[in-house]
Amino acid sequence: FNTAPPSGRYIRSGGLGPTSISISDKNSGSLIFYNIGNNIFSRANWPMPSSTAPTFDLGGRCLSLPSLKDENIYGIFNADHPGSRGLKFQLLDMRLNQGLGDLVSSSVISLGGISGITFCLSGYRQVNNRSHWLVTHESLGGRLRAYDFDGNSLDTVPVVYVPGRPDTLGVMGQAKFSPNGSKFAIALNRRPSVNQPQKYSV
């Protein structure tokens, strides 16, 4: 934080869904953009011109990853609704819209042949320091799919990890990498008393 105590900031609210993205400037700490549901809002608290909400379902499945090649570019990822078979990928360029940012491309990536993905989207910087892994979690079976995001595009062919002990714990929850990337945890809300340790190597 750049102020003590930390200073708050008004953001738009309403019935469009929850906020799961809130991106700030790494130097000043000032708000850059955020989401409400499936809409992306600029720091001026208005939806970006090209931001559209394909559904008004819960938007807690949104994730943003910065480009490691261009500090003005971010990848925005969203699975539109629980059990979705598709992942929406968009690039956001902060140079557009008079410096307030706008979405520049959008494509729906088919995740066919699976049971759908959960709210547990997560990302981690690869050891090459040039790309990120975007990791999705399958709602029935618990398979993980790691997609390579190079800062401009998303490789649609994932690395797939099959758990030794399949899980069927529901679709709502969170996923998190440890700071050094050696561990990956998923918490799902349907059966919170159940722990299923798994080991993966990314």
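The model is predicted, and local features need pLDDT of at least 70, side-chain atom pairs count only at pLDDT 80 or more, and totals for chains, interfaces and linings use all residues. Residues are numbered from 1 along each chain as its sequence is written, and side-chain values use heavy atoms, with hydrogens and water left out.

**Exercise 1. Work out the order of the strands in the open sheet, and find its edge strands.**

Solution. Begin with the terms: strands (E, at least two residues) and helices (H or I, at least four residues) are DSSP runs, numbered from the N terminus. Two strands pair if DSSP finds at least two bridges between them.
- Step 1: three strands make up the open sheet, in the order S1-S2-S3, with antiparallel pairing.
- Step 2: strand S1 (22-24) and strand S3 (39-42) each pair on one side only, which makes them the edge strands.
- Step 3: on average, neighbouring strands of this sheet are turned by 15° against each other, direction ignored. Here axes are lines fitted to C-alpha atoms, for helices over the stretch in contact, and angles run from 0 to 180 degrees between N-to-C directions.

**Exercise 2. Follow the pairing of S2 with S3, then look at the side chains of S3.**

Solution. 
- Step 1: strand S2 (residues 31-36) pairs with S3 in the antiparallel sense over four bridges.
- Step 2: Tyr 34 has Phe 41 in S3 as its bridge partner, while Phe 33 stands opposite Ser 42 in S3.
- Step 3: the two strands form a hairpin with two residues between them, and Gly 37 in the turn has a positive phi of about 60°.
- Step 4: Asn 39 and Phe 41 point one way from S3, Ile 40 and Ser 42 the other way, and all are buried. Buried means under 20% relative accessible area, exposed over 50%, and partly exposed in between (1.4 Å probe, protein chains only).

**Exercise 3. Describe the largest nonpolar core, and then visit His 132.**

Solution. A nonpolar core is a set of buried Ala, Val, Leu, Ile, Met, Phe, Trp, Tyr and Cys residues joined through side-chain atoms within 4.5 Å.
- Step 1: the largest one has 15 residues, and those with the most contacts inside it include Leu 65, Phe 77 and Phe 149.
- Step 2: strand S4 (62-66), strand S5 (73-78), strand S6 (86-93) and strand S10 (144-149) each give two or more residues to this core, and S6 gives the most, with three residues.
- Step 3: another core, of 12 residues, lies apart from it, with Phe 33 and Ile 76 among its members.
- Step 4: His 132 is in strand S9 (residues 132-137) and counts as buried because its relative accessibility is 6%. Beyond four places in sequence, its contacts (heavy atoms within 4.5 Å) include Leu 65, Tyr 124 and Phe 149.

**Exercise 4. Is Asn 45 buried or exposed, and what about Gln 98?**

Solution. 
- Step 1: Asn 45 is in the loop between S3 and S4, and it counts as buried because its relative accessibility is 11%.
- Step 2: Gln 98 is in the loop between S6 and strand S7 (102-110), and it counts as exposed because its relative accessibility is 81%.
- Step 3: most residues other than glycine have a negative phi. Yet Asn 45 has a positive phi of about 70°, and phi of Gln 98 is near 55°.
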